Amino acid sequence: QVQLVESGGGLVQAGGSLRLSCAASGSIFRINTMDWYRQAPGKQRELVAALSSGGRTMYADSVKGRFTISRDNAKNTVYLQMNSLKPEDTAVYYCNADISALGDDWENYWGQGTQVTVSS
């Protein structure tokens, strides 16, 4: 059974920083793209940042220059460093990954989400 578990969310003042982590566990053979999404109250879930297994990154325009996605392949973990946080960054942040478990085809997995709240 493959699981994604996020951590690192919390309450921070505008201008502050947080670092989110997402660790994949289970019988993992290979991980392809690892992404971060977020969903604010009353809004659709949106892609924040993506990182391919080859190191290619993609960021939403709203976070470019402030957020950095990285991964530690040895630990099956993806990170999201969030700097210069704004109140509009407040949302539940979700980790997403395409994972091939031992003996299985590729599947898409979601974490349970971690709350990020930025006060003004």
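Student: Is C95 buried or exposed?

Tutor: C95 is buried, at 0% relative accessibility. Buried means under 20% relative accessible area, exposed means over 50%, and partly exposed is in between, using a 1.4 Å probe and protein chains only. One heads-up: this is a predicted model, where local features need pLDDT of at least 70, side-chain atom pairs count only at pLDDT 80 or more, and totals for chains, interfaces and linings use all residues. Residues are numbered from 1 along each chain as its sequence is written, and side-chain values use heavy atoms, with hydrogens and water left out.

Student: Ok, and which residue forms a disulfide with C95?

Tutor: That's C22, with the two sulfur atoms 2.1 Å apart. The cut-off for a disulfide is a pair of cysteine sulfur atoms within 2.5 Å. C22 is buried too, with a relative accessible area of 0%.

Student: Where in the chain do C22 and C95 sit?

Tutor: C22 is in strand β3 and C95 in strand β9, 73 residues apart, so the pair links distant parts of the chain. Strands here are DSSP runs of E with at least two residues, helices are runs of H or I with at least four, and both are numbered from the N terminus.

Student: How many disulfides does a search of the whole structure find?

Tutor: One. The link of C22 and C95 is left-handed, with -80° about the S-S bond.

Student: New topic: how many aromatic pairs are there?

Tutor: Two. The rule takes rings of Phe, Tyr and Trp (its six-membered ring) with centres within 6.5 Å; planes under 30 degrees apart are stacked, over 60 edge-to-face, and the rest tilted. Y94 and W110 form an edge-to-face pair, 6.4 Å centre to centre with 85° between the planes.

Student: Which strands hold Y94 and W110?

Tutor: Y94 lies in β9 (residues 91-101) and W110 in β10 (residues 106-110), so the pair ties together parts that are 16 residues apart in sequence. Y94 is buried at 14%, while W110 is partly exposed at 38%. Together with Y37, Y94 and W110 form one aromatic cluster.

Student: What lies over the face of Y94?

Tutor: R45 does, at 3.7 Å from the ring centre. R45 also lies over the face of W110, at 4.6 Å from that ring centre. To count, NZ of Lys or CZ of Arg must be within 6 Å of the ring centre and within 35 degrees of the ring normal.

Student: And the largest nonpolar core, which residues touch the most other members?

Tutor: W36, L80, M82, Y93 and I99, out of 33 residues. Such a core is a set of buried Ala, Val, Leu, Ile, Met, Phe, Trp, Tyr and Cys residues joined through side-chain atoms within 4.5 Å. The largest share of this core, six residues, comes from β9.

Student: What is M82 in contact with?

Tutor: Leaving aside neighbours within four places in sequence, the contacts of M82 include L18, L20, F67, Y93 and V116. Contact means heavy atoms within 4.5 Å.
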